[in-house]
Amino acid sequence: QVQLVESGGGLVQAGGSLRLSCASSGRFSSISSMGWYRQAPGNQRELVADINSGGVTNFADSVKGRFTISRDNAKATVDLQMNSLKPEDTAVYYCKMSYWFRGTWYDSWGQGTQVTVSS
């Protein structure tokens, strides 16, 4: 089982920036995709951005042009750089990793980190 730990959340004013990091530990054979999701109160969890093993990225329309995602395959980490933050970006942000181990694909989630953007 892989464990994920997010860091970098906090309180920021609108227009500011934050960088979220996700570190992994545990055993796996290979990683498929790594990504970030968020969930605001009363809303379903939604994809923010993900990146596959080939470096191909995918972003929610609401964050395109403002957020970037990067991963370090050697360290099995994924970062989310968030610029030009808006109050509607306020949510708990979760890291997710899809990985292969002993013949099975697994999904692991972090515990979440709060991002609050004030107007």
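Visitor: How many aromatic pairs does the structure hold?
Guide: The structure, a predicted model, holds four aromatic pairs. Rings of Phe, Tyr and Trp (its six-membered ring) pair if their centres lie within 6.5 Å; planes under 30 degrees apart count as stacked, over 60 as edge-to-face and the rest as tilted.

Visitor: Why is the pair of Phe28 and Tyr99 edge-to-face?
Guide: The planes of Phe28 and Tyr99 stand at 65 degrees, with the ring centres 6.4 Å apart, so the pair is edge-to-face.

Visitor: Where in the chain are Phe28 and Tyr99?
Guide: Phe28 is in the loop between strand E3 (18-25) and strand E4 (30-39), while Tyr99 is in strand E9 (residues 91-101), 71 residues apart. Helices (H or I, at least four residues) and strands (E, at least two) are DSSP runs, numbered from the N terminus.

Visitor: Is Tyr99 buried or exposed?
Guide: Tyr99 is buried, with a relative accessible area of 1%, whereas Phe28 is partly exposed at 29%. Buried means under 20% relative accessible area, exposed over 50%, and partly exposed in between (1.4 Å probe, protein chains only).

Visitor: Which residues do ring pairs link into a cluster?
Guide: Phe28, Tyr99 and Tyr106 are linked in that way.

Visitor: Changing topic, which ring does Arg45 lie over, at 3.7 Å from the ring centre?
Guide: That ring is Tyr94. The charged end of Arg45 also sits over the ring of Trp109, 4.7 Å from its centre. A charge sits over a ring if NZ of Lys or CZ of Arg is within 6 Å of the ring centre and within 35 degrees of the ring normal.

Visitor: And Ser21, what does its side chain make a polar contact with?
Guide: The partner is the side chain of Asp79, at 3.1 Å. A polar contact is a pair of N or O atoms within 3.5 Å; within protein, one must be able to donate a hydrogen and the other to accept it, and residues adjacent in sequence count only if both atoms are side-chain atoms. Ser21 itself is in strand E3.

Visitor: What is phi of Arg102?
Guide: Phi of Arg102 is near 50 degrees, a positive value in a residue other than glycine. Most residues other than glycine have a negative phi.

Visitor: How is the model treated?
Guide: Residues are numbered from 1 along each chain as its sequence is written, and side-chain values use heavy atoms, with hydrogens and water left out. Local features need pLDDT of at least 70, side-chain atom pairs count only at pLDDT 80 or more, and totals for chains, interfaces and linings use all residues.
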